[in-house]
Amino acid sequence: MKIGMIPILGLAGSMVIAILSGYFLSVWVVIITQLLTSMFYSAYIYYSIVNILCVILLTHYHKKGLLNKKLGMASYLVLNAVINSLVTFLIESGAGHTDPDLFEINPFYSFIGSLSISIFAKAFIIVFTSSIVFIFIDVLIALGIVRIIPQNVKDYFEKYAWLQKPVNSDELAKINNSETRKTRINNAFAVSLVMTCLTILVVVAYEASSLFVSQTKDEHRTLAVGISKMVASNIDGDWVEDYIKSEGKSREYKKIVAKLEKIRAISDDIEYIYVYKMMPDGCHVVFDLDTEAMAASKPGDIMEYSEAFVPYITDLLEGKEIEPVESNSFYGWLLSAYTPVYNSKGETTCYAGVDVSMKYLEKYTRDFMVRLLIMCSGIIIVVIITGLWTARYRVVYPVDSMVATARRFRYDSEEARKANVERMAELDIRTGDEIERLYNSFIQVTKDSVKSFGKMCQKSEYIEQMQSDLIIILADMVENRDESTGDHIRKTSMYTLIVMNQMRRMGIYSGILDDDYIDNVIKSAPLHDIGKIKIPDAILNKPGKLSPEEFEVMKKHSVYGKEIIDELIESLTEASYLEIAGDIALYHHERWDGTGYPEGLKGEEIPLSARIMAIADVFDALVSERVYKKAFSFEQAMDIIREESGTHFDPRIVRAFMAVEDEVRETAQKFHDR
């Protein structure tokens, strides 16, 4: 300013901070810069909002990468120029005039100032064009400074705000897009902060304007009373009648008028000066001064009492002092002060009156309100950004980080459970307040829950294993009643595992055969003949062929098996595989063509687990010796399975069984050698 330039480098510095760190620090740098600048030119404090909005826009454009594009840069410059021009117009129009000093330092003033347009239009054009140029220079300076700043300094500015392990932009986007709640803390805080600031702004503006009006009226009242006393001191109370009779032509009269003119020149706010002698019929003019708008009344003229003075007529006629009177009439908005003029006997002979114009008060008030609102708006924006920044880094991000980390918790293994604690500890939240206490408690609860969950898993595994062992023992007891079956339940379990693995390799029923399903079938296989526990020994171990009646009794073992397993399901809540075991027990004697028992299901009506068990059960029965038959050779058994594909067995399962012939042979041989 001292060398004839507007202060653009301060804004460039604010832009550097905006690019490096974002909104929070940059708006504070603007406020501090504006305060320093206002020491050289006080009006600049009112333009704080312009520079605040400038760096906010710059931060947004920088984050979006728009400054690297010509259209982005152009839109940024135009937006800032429009904001600057509008704020300047509001300030200058509120004042009712444009301060030429504000624009004469502008290099475009010499050209635009010569145009035959209004001063406000000149101001708008000057501010708009110069804003584009100077802001562009600021941006170039800022980008140049940022380019040469060391990377470690840039890293510091990126991380300085974090009171925890910094969260990258992708993770922040996931957190911000979370649908965990209808109202986010950040949004609720923003709304409450904005509403609070707006309420404070309205209250402050109202109270400040009221105080301004009251103080201005007091100043006008003091001025009016003081001037009226000066006027009264120049009037000789004993000469009032002589002043009137002179009709303003005497030398003494003119001498007093000259003094009164000098008194009026003390302030532009003094509208009228006069001296009246108060009589019942009206105000008799003693002295009156001409104004540009109205000629003075002549000595002796009688003026009617104005409406505002009606309550004071009695006091005026009695020569008493009265308080200044505010009126708004034909003569304008005036504050009138009357001072009694006394004669040598101490009697009031007339009053020295002074009318101070109040017409500028409305303009002053409007100008004051506009400037106050603009200045406070900038401060409120800084307060809101500071509040949101504080809430974001001290509450929102730490809490959301904990929530996001907790959502990724896994409990399927000991390593996963330990990783949960490690991920939570890596957040390193250090806000130093209740949030940090919550975080530390969360870590401790996570550690305790991991320990407890580990113990629960161990107990659950132990109970599940014990249940499985008991069920296997039960199945063994059933098999031991059948003198001909031997290791039947173990062999059939192995055959089901072999064929299911091959089916998955071949893509057969791949939508069903996942790891859990295969594991459940293997666990269920030993229970397929558990219903035989209800079959009499005479039938179960008969050395010859069963009679039709005996065979009907034997067939009931599948239904008995399902009933027993249903009872187990009611008492063993952890044995989820028993649902499949029930299907296997009930349906493993169903046939693909629908001629099996107990319900005559066909095709894929038969549960897959039962169709797989059917092949394993029949194959083991063929290659094993029974009390009623000799064992078939491996080749004969495989031929029978192949021949009954599509009648007894599911063709796709048979195809998989045949594909692992060597593995089936090896398993059968291993049990035979035992």
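Student: At what angle do the axes of helix α17 and helix α25 cross?
Tutor: The axes of helix α17 (residues 488-506) and helix α25 (residues 651-659) cross at roughly 105° and come within 9 Å. Axes are lines fitted to C-alpha atoms, for helices over the stretch in contact, and angles run from 0 to 180 degrees between N-to-C directions. Helices (H or I, at least four residues) and strands (E, at least two) are DSSP runs, numbered from the N terminus.

Student: Are α17 and α25 roughly parallel or roughly perpendicular?
Tutor: Roughly perpendicular. Angles of 65 to 115 degrees count as roughly perpendicular, under 35 as roughly parallel, over 145 as roughly antiparallel and the rest as oblique.

Student: Which residues make the contact?
Tutor: From α17 they are Val-499, Gln-502, Met-503 and Met-506, and from α25 they are Ile-653, Arg-655, Ala-656, Phe-657 and Ala-659. Contact means heavy atoms within 4.5 Å. By class, the contact of α17 with α25 has seven nonpolar, one polar and one charged residues. Here Ala, Val, Leu, Ile, Met, Phe, Trp, Tyr, Cys and Pro count as nonpolar, Asp, Glu, Lys and Arg as charged, and the others, Gly among them, as polar.

Student: What kind of model is this, and how are residues numbered?
Tutor: It is a predicted model, in which local features need pLDDT of at least 70, side-chain atom pairs count only at pLDDT 80 or more, and totals for chains, interfaces and linings use all residues. Residues are numbered from 1 along each chain as its sequence is written, and side-chain values use heavy atoms, with hydrogens and water left out.

Student: Back to α17: is Arg-505 buried or exposed?
Tutor: Arg-505, which is in helix α17, counts as exposed at 55% relative accessibility. Buried means under 20% relative accessible area, exposed over 50%, and partly exposed in between (1.4 Å probe, protein chains only). The C-alpha atoms of Arg-505 and Ala-656 are separated by 9.1 Å, although these residues are 151 apart along the chain.

Student: And Tyr-509, where does that lie?
Tutor: Tyr-509 is in the loop between α17 and α18 (515-524). Tyr-509 counts as buried, at 11% relative accessibility, and has a positive phi of about 50° although it is not a glycine.

Student: What about Glu-247, buried or exposed?
Tutor: Glu-247 is exposed, with a relative accessible area of 52%. The loop between α11 (240-245) and α12 (251-264) holds Glu-247, whose phi is positive, about 55°, although it is not a glycine.

Student: Changing topic, what volume does the largest pocket have?
Tutor: Its volume is about 1,200 Å³. On a 1 Å grid over the protein atoms alone, a pocket is an open set of points with protein on both sides within 12 Å along at least five of seven lines, whereas a cavity is a set where a 1.4 Å probe fits but cannot get out; lining residues have an atom within 4 Å of a point. Grid points are joined across faces, edges and corners, and a volume is the space filled by probe spheres set on the points.

Student: How many residues line the largest pocket, and which helix gives the most?
Tutor: The lining has 36 residues, with Ser-21, Lys-63, Leu-172, Tyr-393 and Tyr-397 nearest the centre. Helix α14 gives the most, seven residues.

Student: Lastly, where is the cis peptide bond?
Tutor: The cis bond runs from Tyr-597 to Pro-598, with omega near 15°. Pro-598 lies in the loop between α22 (578-587) and α23 (608-623).
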